[in-house]
Amino acid sequence: MKKGRCPKCGSHDIYSGENISLKKGTYGSNTIPLGGLFGSMIPLDNYVCTACGYVESYINQPRDLKKIRERWPHLYYGKRGDQS
Ligand SMILES: [Zn+2]
């Protein structure tokens, strides 16, 4: 999807919200909740296929991905991160 092709319908009508303003804010923002005591929110980059409406979302910042690894359960290992 990031390379401009929809994985669902094969269209090249892909638009990136990677650089839109106010990705991270209090209301109506485009974020994913990290959870935890402080309720941190992590901003997402959205890619939209305007042919079929499919949306993919990505976390852009390596430091935010690190937070996910530290906080969320790992599906395969069945526990929180720290496999490094
Ligand atoms: Zn599509």
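## Confidence

Confidence in this predicted model, given as pLDDT (the predictor's confidence in each residue, from 0 to 100), is lowest in β3, with a mean of 86, and highest in β5, at 95. Across the protein the average pLDDT is 85, and 83% of the residues reach at least 70.

Two working conventions are handy here. Residue numbers start from 1 along each chain, as its sequence is written. Because the model is predicted, local features need pLDDT of at least 70 and side-chain atom pairs count only at pLDDT 80 or more, while totals for chains, interfaces and linings use all residues.

## Overall layout

You will find 1 helix and 5 strands in the protein; helices (H or I, at least four residues) and strands (E, at least two) are DSSP runs, numbered from the N terminus. Read from the N terminus on, the order of elements is β-β-β-β-β-α.

Of the 84 residues, 4% count as buried. Here, buried means that 20 or more other C-beta atoms lie within 10 Å of a residue's own, exposed means 12 or fewer, and partly exposed is in between, with C-beta atoms placed from the backbone. Among contacts with a separation of 6 or more, 38% come from residues 24 or more positions apart; a contact means that the C-beta atoms of two residues, placed from the backbone, lie within 7 Å.

## The three-stranded sheet

Three strands make an open sheet in the order β1-β4-β5, with antiparallel pairing; two strands pair if DSSP finds at least two bridges between them. At its edges are β1 (14–16) and β5 (55–58), each pairing on one side only. Neighbouring strands in this sheet are turned by 20° against each other on average, direction ignored, where axes are lines fitted to C-alpha atoms (for helices over the stretch in contact) and angles run from 0 to 180 degrees between N-to-C directions.

Strand β4 (residues 45–49) is joined to β5 by 4 bridges in the antiparallel sense, and Val 48 has Val 55 of β5 as its bridge partner. These two strands form a hairpin with 5 residues between them, and Gly 53 in the turn has a positive phi of about 90°.

## The β2–β3 hairpin

Strands β2 (residues 31–35) and β3 (residues 40–43) run antiparallel and are joined by 4 bridges. One of the residues to look at is Ile 32, whose bridge partner in β3 is Ile 42. The hairpin has 4 residues between its strands, and Gly 36 takes a positive phi near 95°.

## Two loop residues

Asn 19 sits in the loop between β1 and β2. Asn 19 is exposed because it has 7 other C-beta atoms within 10 Å. Asp 45 is 26 residues away from Asn 19 in sequence, and their C-alpha atoms are 8.0 Å apart in space.

Ala 51 belongs to the loop between β4 and β5. It has 14 C-beta neighbours inside 10 Å, so Ala 51 counts as partly exposed. Leaving aside neighbours within four places in sequence, Ala 51 contacts Cys 6, Cys 9, Ser 11 and Asp 13. For Ala 51 and Asp 13, the separation is 38 residues in sequence and 6.1 Å in space, C-alpha to C-alpha.
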